[in-house]
Amino acid sequence: MARYIVRRVLWGVALLVIVTAVVFILFYVLPTADPAKLRAGRTANPQLVQQIREQLHLDDPIYVQFWNYLKGVFFHFDFGESYLSQAPVKDIIFHRLPATALLVVGAVILWLAIAIPVGIISAVRRRSLMDRTTMVTSLAFISAPVFWLGLVALYLFASDVGVIPIFPGQGSYTTADSFLAKCGSMLLPWMVLAAATAAIYARYLRSSMIDTLAEDYIRTARAKGLPERQVIMKHAVRAAITPIVTLLGLDIGLLLAGNAILTESVFVIPGVGQEIVLSIRRSDLPMIQGIVLFGAFFIVIFNLIVDILYAFLDPRVRYQ
Amino acid sequence: MRLRWLRLLAPLAAVLAFAFVLTSCGDSSDDESGGTGATGSTGIPEEFQAPTAAPDDAKSGGDLVVLNEGDIDYMDPGAAYYQVTYMLDFAVFRSLVSWAPDADTDPTPDLATGEPELSDDGKTITYTIRDDVKYAPPLQDRTVTTADIKYAIERSLLPGVANGYTSTYLSGVTGMDEAIKAAEKNTTEAPDISGIETPDDTTIVFNLDDTSAAGVMGALSLPVSAPVPEDYAKKYDAEEPSSYGEYAVFTGPYMVQNDCVDESGKVTDENCSGKITGYQPGEEIKLVRNPSWDADTDFRPAYVDTITFQEGFADPTSASKKILDGSSQVTGDFPPSPTVVKEVASGGKYDPSQMVVTPSGGERYISLNTQEPPFDDINVRKAVIANSDRVALRNTRGGELFGPVMNHVIPPLIAGFEEAGGLNPPEGLDFLASDTGDPDLAAEYMKKAGFKSGKCEGSECNITMVGDDAPPGRDTATVFQDQLEQLGFKVQFQPVEHSLMYTKFCSIPSQEPDVCPNVGWIKDFNDPQAFFDIPFYGPAINPSNNSNWPQLDDPKLNKAIEQAKLVTDPNERAQTYAELDKQTMELAPVVPWVWDNDILVRSDDVAQVTNLFNGLTDLSFTSIK
Amino acid sequence: MSATGHLLEVEDLRVHFDTDDGVVKAVDGLSFTVEPGKTLGIVGESGSGKSVANMTILGLTRAANAEITGRITFEDQDLVAADDAGLQRVRGNDIAMIFQDPLTSLHPFYKVGSQMVEAIQAHRDSSDAEARERCIELLKLVGIPDAERRFGEYPHEFSGGMRQRAMIAMALTNDPKLLIADEPTTALDVTIQAQILRLIDRLQEELGMSVIMITHDLGVIAEVADDVLVMYGGRAVEAGSLDEIFYDPQHPYTWGLLGSLTRTDRPRSADRLSQIAGQPPSLIAPPQGCHFRPRCPHAFDRCTETPGLDARSGSRSHLDRCWLGGEQKRELRVGPEGEIGLAERKEPVATPTGES
């Protein structure tokens with residue numbers, strides 16, 4: 001097991017290096033606004049632009065820039081400075097991570113709390129009214145664009161602009177001073193982010209449960225005289241839930257990497273997703289690089305965790 | 001000889017009187033303002049006009065919140081070059097001269113004790129400053145001196161600060177060229193500008209080699225003249241780029257919270273470094289009261305206790321509603337969406353006074369590349385302008401309140417506007433006479449250009465256009481594309497991201513397409529010089545960062561531009577620039593389509609005051625009811 | 001034991017499933033009994049209804065689209081009419097069932113030991129330690145070496161034969177009176193097969209329980225059964241003692257089964273390894289009358305009338321469902337060399353649906 005982990009970690013590091021290289025190349029190959037010109041302003045003379053280019057090392061050969069960056073990251077944990085604000089990239093990312101993390105954790109808990117019971121009951125009571133209703137509703141939530149859902153939620157329930165003012169609205173995260181207040185500001189975002197995902201997970205779990213319930217060992221469990229409840233919860237769910245774990249790991253990794261951008265945008269949550277859009281618009285390469293790298297790191301880590309977790313969940317996997 | 005205010009007031013009064021006369025005669029051939037009580041000179045209905053003074057019973061206290069979509073550009077006052085940043089800067093940085101909310105032509109003395117002295121030959125400007133302005137913590141024991149202002153200007157030449165306008169407007173200052181060269185050589189130490197002298201702590205003298213004093217005085221009204229103590233800032237300026245923005249010291253009634261003060265502006269840490277803690281880029285900026293500020297030394301009243309900028313509001317509709325329905329909030333850098341504007345304008349749920357419309361001092365036009373066929377032929381250009389339905393183009397921004405149709409270069413409230421024709425095009429330019437388009441006239445011009453059918457024929461008609469990929473810029477471009485195609489052009493339109501459009505296409509002459517539909521210009525200060533000096537001046541064409549998008553290089557016009565900036569008498573100046581305006585429009589280099597208005601909304605309980613200079617809320621004069 | 005002395009009595013059991021293609025009559029009028037201490041071998045092809053019938057004993061076929069009629073009497077309780085609680089009390093307790101594939105029939109994520117303990121604790125108040133001891137004892141009983149270690153292992157760590165032994169051990173945890181074994185050796189190879197059969201046989205004797213051995217292989221029947229039930233098309237077609245079935249088979253289908261039994265004491269010749277021609281009948285639209293008619297070389301006009309399951313051969317316990325006369329049967333069942341088998345059908349076999 002230990003050797004397995006070590007091997008995976010090394011692969012993870014290699015992957016991070018490759019990801020960094022790809023971002024570098026993309027930035028130079030694809031048309032992006034010249035950061036030096038953006039910095040210099042609209043009336044700047046060419047010499048000034050050139051000097052800024054030198055200051056930002058934009059004219060160094062790409063492999064030199066790449067090597068300097070790698071050295072900085074792996075030996076000093078230094079991700080450079082934002083072109084625009086000159087603040088260290090690392091500081092900005094760490095400052096924004098808690099908001100994204102809070103959003104993700106809350107949404108995950110909420111969507112699991114909804115999806116798991118719904119998925120199980122829908123599978124057990126297949127073709128019942130409840131099953132059909134939840135499956136149709138889930139389709140609706142999956143199809144609804146997140147941004148639209150967010151706006152609808154605001155106009156319905158936000159305490160400032162909503163028809164039924166109950167939940168804190170846009171921008172309330174930044175003004176919240178206590179942890180509890182921050183959680184309050186996250187209620188609507190959690191619900192919106194969880195809505196579509198819960199729908200997907202419920203369908204997935206339902207399908208997985210239906211497959212599992214057809215397995216022979218379920219028949220054996222019943223033949224042993226176990227109460228139906230125990231058959232479902234201990235035998236069926238235990239087996240059906242393992243693919244969900246993989247999905248969850250991937251989703252968490254992606255969300256922490258900035259995939260919650262739409263939710264963060266509509267609710268004005270100063271998280272990592274919002275920052276990456278800003279950085280792309282301003283051609284702030286160190287910021288983009290930093291966020292992508294962090295994102296890749298999260299995805300790698302969560303994939304690793306999921307794989308290890310899988311080995312705990314499914315004994316057959318351990319002996320490979 | 002002192003510049004006499006009266007000499008300025010007289011023509012100003014005359015201009016305004018003229019405008020009122022025009023209104024009362026009901027002459028509004030170009031008045032699309034719709035609604036009653038419009039004033040001729042801005043086209044803005046009365047109910048939306050900006051309050052430029054605080055109410056007599058303005059209350060002290062409270063927390064004002066400004067909602068922004070994006071961020072300021074730089075916290076460093078030497079680098080800031082953005083109207084929204086100035087909104088912040090006017091509240092936290094005092095400069096040599098600044099702008100009171102209702103000052104529309106001449107700046108207001110701020111650190112200066114009064115009007116500057118201009119020598120007879122116009123080549124020496126002398127300012128005297130107050131001796132009783134102290135810096136905010138951590139430098140609360142230090143008084144502002146003119147040496148600090150001199151250093152502020154000198155450091156702006158460093159590539160690590162990269163000020164966008166100093167070298168342009170102060171080019172006439174003695175020793176400027178040498179200073180610029182020195183900054184290129186030694187990028188970590190601010191150069192000395194020999195032409196700026198500080199004989200004592202309260203006197204600063206600008207020696208010019210020419211008579212470009214008006215430009216110099218204008219530039220000094222911008223945050224570049226906010227004082228920066230050299231011994232404090234040196235170490236930050238030695239870094240590349242400069243990190244002074246993280247440690248800036250403040251002189252205004254408010255300061256951005258740093259590690260020296262708490263939320264109420266009380267000093268909490270004696271050994272603080274001055275590191276700014278109240279600025280989270282892209283997220284929030286927190287302003288608190290400056291404990292060193294003395295109300296007696298300032299024209300600003302400073303009513304509210306704290307001001308918070310909240311950033312990241314990507315959806316203008318929901319953000320505007322949040323403000324309109326909520327309390328103590330105003331919009332910052334985004335206009336409300338057209339639907340919200342319509343809703344407020346129609347009355348009903350919201351009081352129309354919750355929306356304020358002000359000319360922004362900016363304009364938008366569509367540039368035609370005069371260096372390449374087919375637009376190298378002036379008749380073709382005139383045809384395109386005559387054909388354009390410019391009202392339709394303006395409406396892509398959201399409607400009448402978003403600005404009157406542009407008819408010449410100088411925008412409303414800038415000196416020379418009325419002389420140039422006011423809201424109407426200059427006399428005698430028939431291709432600008434109709435703002436909804438005159439196809440017959442257009443056909444005539446095409447015929448003059450050699451296209452017998454009155455429409456474009458042949459391979460010259462394949463033209464390229466690069467514009468914004470997001471609304472409303474994209475909408476403007478597509479509407480214009482239709483209009484061009486009516487004239488027989490075949491347009492290849494490439495939408496790209498906004499900053500990409502500028503830095504990789506429209507600002508590089510060798511890459512520039514035939515049409516750049518989403519360009520324009522905004523004032524630097526209330527003087528018409530900026531609108532010609534770069535956007536229409538031949539020698540200003542530069543190969544990698546060009547802002548003369550039509551690539552206009554007419555020798556006569558170039559000479560006229562060079563001479564105009566040397567005129568110092570305000571009356572003469574207005575008249576000279578009005579003529580320059582007509583001369584520029586005669587060359588039909590661009591399709592002018594809107595003089596932008598700034599539209600903002602406020603919560604019910606905010607007694608908002610607009611600063612006419614940038615059309616945005618003046619934080620030092622606004623109060624909570 | 002019921003009043004009649006049978007341990008289990010199945011009377012006119014019908015199990016019909018309502019599907020999109022129609023009503024599948026998996027079991028269509030089945031009756032048989034199981035005697036205490038005896039092994040009943042149920043033999044038939046796949047689709048004969050043998051598995052469905054036996055799973056119905058434990059109520060494992062109950063579903064929204066299943067219609068189950070008839071009676072299954074076990075110790076004065078009708079299992080068809082029993083509620084869930086009643087069934088649960090019986091399952092794994094008085095009646096235990098083991099299945100064909102022990103790998104898929106055991107939960108892959110739980111240790112074998114804990115699955116066995118679960119079976120115990122579902123029916124009685126037993127501490128974990130007590131249950132564990134009992135389980136290890138049973139593992140030893142079924143012949144698994146190193147039982148203590150095996151108790152803590154996962155199903156995939158066992159070999160095929162050992163897995164089936166473990167399943168058997170699990171079935172025995174609550175001293176069942178009846179063990180239903182559904183094709184327990186089909187998935188195992190021949191040598192292991194024999195071991196398992198011997199084990200079941202031995203356990204039956206030692207523990208005095210009854211066994212229903214379900215199989216498609218007469219060879220298995222020959223090894224372990226006391227009584228035999230031959231099923232075809234959802235019905236019993238012949239029932240009797242082992243000797244009766246093997247030495248005096250009455251039904252043509254039985255002759256076919258016996259004929260295809262590979263016997264090592266006879267010379268092999270090409271046409272002796274005969275399978276029965278044709279396919280099992282459709283359960284949605286079975287043939288009218290005798291279900292075997294379309295495949296039977298000896299069918300005659302009376303066969304369109306469903307024969308009853310009656311004693312025609314003389315012995316009261318030997319029942320069959322065939323209209324042929326006793327003499328005819330004795331004649332027709334014997335091949336040229338005197339061995340029992342089913343003759344070749346002269347006409348082509350029609351697809352056995354409700355026509356003809």
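I began with the two chains: the contact takes 42 residues from chain A and 41 residues from chain B. I counted two residues as in contact if their C-beta atoms, placed from the backbone, lie within 7 Å.

A note on the source: this is a predicted model, in which local features need pLDDT of at least 70 and side-chain atom pairs count only at pLDDT 80 or more, while totals for chains, interfaces and linings use all residues. Residues are numbered from 1 along each chain as its sequence is written, and chains are lettered from A and ligands numbered from 1 in the order in which they are written.

Next I asked which element gives the most to the side of chain A that touches chain B. I found α3(A), with seven residues. The elements giving two or more residues to that side are α2, α3 (46–55), α5 (89–124), α7 (146–157), α13 (261–267) and α14 (272–281) of chain A. Helices here are DSSP runs (H or I, at least four residues), numbered from the N terminus.

Then I sorted this side of chain A by class and got 18 nonpolar, 17 polar and seven charged residues. Nonpolar covers Ala, Val, Leu, Ile, Met, Phe, Trp, Tyr, Cys and Pro; charged covers Asp, Glu, Lys and Arg; the others, Gly among them, are polar.

Last, I turned to chain A itself, divided into domain 1 (17–76) and domain 2 (96–319), with bounds from an automatic or database domain assignment. Their contact takes eight residues from domain 1 of chain A and nine residues from domain 2 of chain A.
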